[in-house]
Amino acid sequence: MRYRRLGKTGVWVSEVGFGTIPVLKGSVPVLPDYYNLEEEEALWVMEAAFRLGCNLFDTAIVPEYGDAELKLGKFAARVGRERLILSDKARFFDGNEIYRAVETSCENLGTYADLYFVHQVDGEHEEEVFRAGGALDALSELKEEGRIRFAGIASHYYDTLLRGARDCRVDVLQGSGNLLERGMLERIGKEDTFREKGFLVNKVYAAGLLPAYFSAETLIGGVLSYPVSCALVGVGTEEQVRIAMERGAEAGEAPLSFEEVLSVLEKTYTPIPCDRCQRCHCPYGTEIHTVFRQYQYYFMGKDYWALRKLQMGIEESAAHCKSCTRMSCLEECPRKIRIPDEMQKVRGLLRLL
């Protein structure tokens, strides 16, 4: 296992980190219900990763992500707290709420958190997080109290992460990206401001879909080719651990180009050539890149979840797109995607199903 600096924190983290979603058990609204590892089995899987050099373990507050936080706390006590970097998060944006969430997380872990993120910050909640008395101010206070070591922002949105990178209260960032959805990583790689912060990347396997098309070396190595600190990989069995930690850590070849990735997917379906750079802005508020992601995920095997997401407003979005005369998204798209045509194709898919 190789290690990288976590921004300016002075901490070194394993290039491959452990995402704890697959070791959880419980009713989790935002996740499928097939994660059911009992405690001892979960601890054994985490220990297997630790033996292979993994020192960063990422989780989230109970009950949003089941009991993974509780299991991680027991694992830390078993192997030695000082040997691990614990990353935790909660989806609260108000200062008082995130303060209480951190207190709860520390109780669940039985210790402090090294990294604590305000989770899934989006445009709707961004001002609340960054304002005086918001979640970031609360995390700063918790740092002073020793409840956490470093404060972070986790988001799927480039603009939010960039704001976090420019904020002196933020030590670490967490965003998503992989060989297919690489647009945000490419933008981060070109923006020097991000070099000041530690950066964790999730969704390396694209919700577990990309390993059906590419090896762990290719997927993990592709993410680590960008100036990031750690690639978080969700693993739930000892075999998955071995593949991610051993083979992933050996990754060193030049990453596949976006065109090469598309050529592999084209053997299964006709992909939309969107890398989710998030430069396209719809005057009606449609997240074009998210619609295209759900279309891709449908054909890659996550059909039920993808369809459920697409059905949330696709008819209205496609109608707006068809009647729009501004077409600013076409000018903004660096890959010159015919966005109105692709939106109608997605709409047509749902009408056929």
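Modeller: Helices (H or I, at least four residues) and strands (E, at least two) are DSSP runs numbered from the N terminus. The model is predicted: local features need pLDDT of at least 70, side-chain atom pairs count only at pLDDT 80 or more, and totals for chains, interfaces and linings use all residues. Residues are numbered from 1 along each chain as its sequence is written, and side-chain values use heavy atoms, with hydrogens and water left out.

Biologist: How are α2 and α3 oriented to each other?

Modeller: Axes are lines fitted to C-alpha atoms, for helices over the stretch in contact, and angles run from 0 to 180 degrees between N-to-C directions. Helix α2 (residues 68-79) packs against helix α3 (residues 95-109) at about 50°, the axes being 7 Å apart. Angles under 35 degrees count as roughly parallel, over 145 as roughly antiparallel, 65 to 115 as roughly perpendicular and the rest as oblique. The orientation of α2 and α3 is therefore oblique.

Biologist: Which residues of α3 make the contact with α2?

Modeller: Contact means heavy atoms within 4.5 Å. On the α2 side, E69, L70, L72 and G73 take part. The α3 side is formed by S105, N108 and L109.

Biologist: Which salt bridge partner does K74 have, and in which helix does that partner lie?

Modeller: A salt bridge is a side-chain nitrogen of Lys or Arg within 4 Å of a carboxyl oxygen of Asp or Glu. K74 meets E39 at 2.6 Å, N to O. Because K74 belongs to α2, the pair ties together parts 35 residues apart in sequence; the partner, E39, lies in helix α1 (residues 39-51).

Biologist: Is E64, the salt bridge partner of R91, buried or exposed?

Modeller: The closest N and O atoms of R91 and E64 are 2.3 Å apart. R91 lies in the loop between β5 (85-90) and α3, and E64 in the loop between β4 (56-58) and α2, so the pair ties together parts 27 residues apart in sequence. Buried means under 20% relative accessible area, exposed over 50% and partly exposed in between (1.4 Å probe, protein chains only). R91, at 29%, is partly exposed, whereas E64, at 15%, is buried.

Biologist: What separates R242 and E246 along helix α9?

Modeller: The side chains of R242 and E246 form a salt bridge of 3.8 Å, N to O. R242 is partly exposed at 32%, and E246 is partly exposed at 33%. Because they stand four residues apart in helix α9 (residues 238-249), their separation is about one helical turn.
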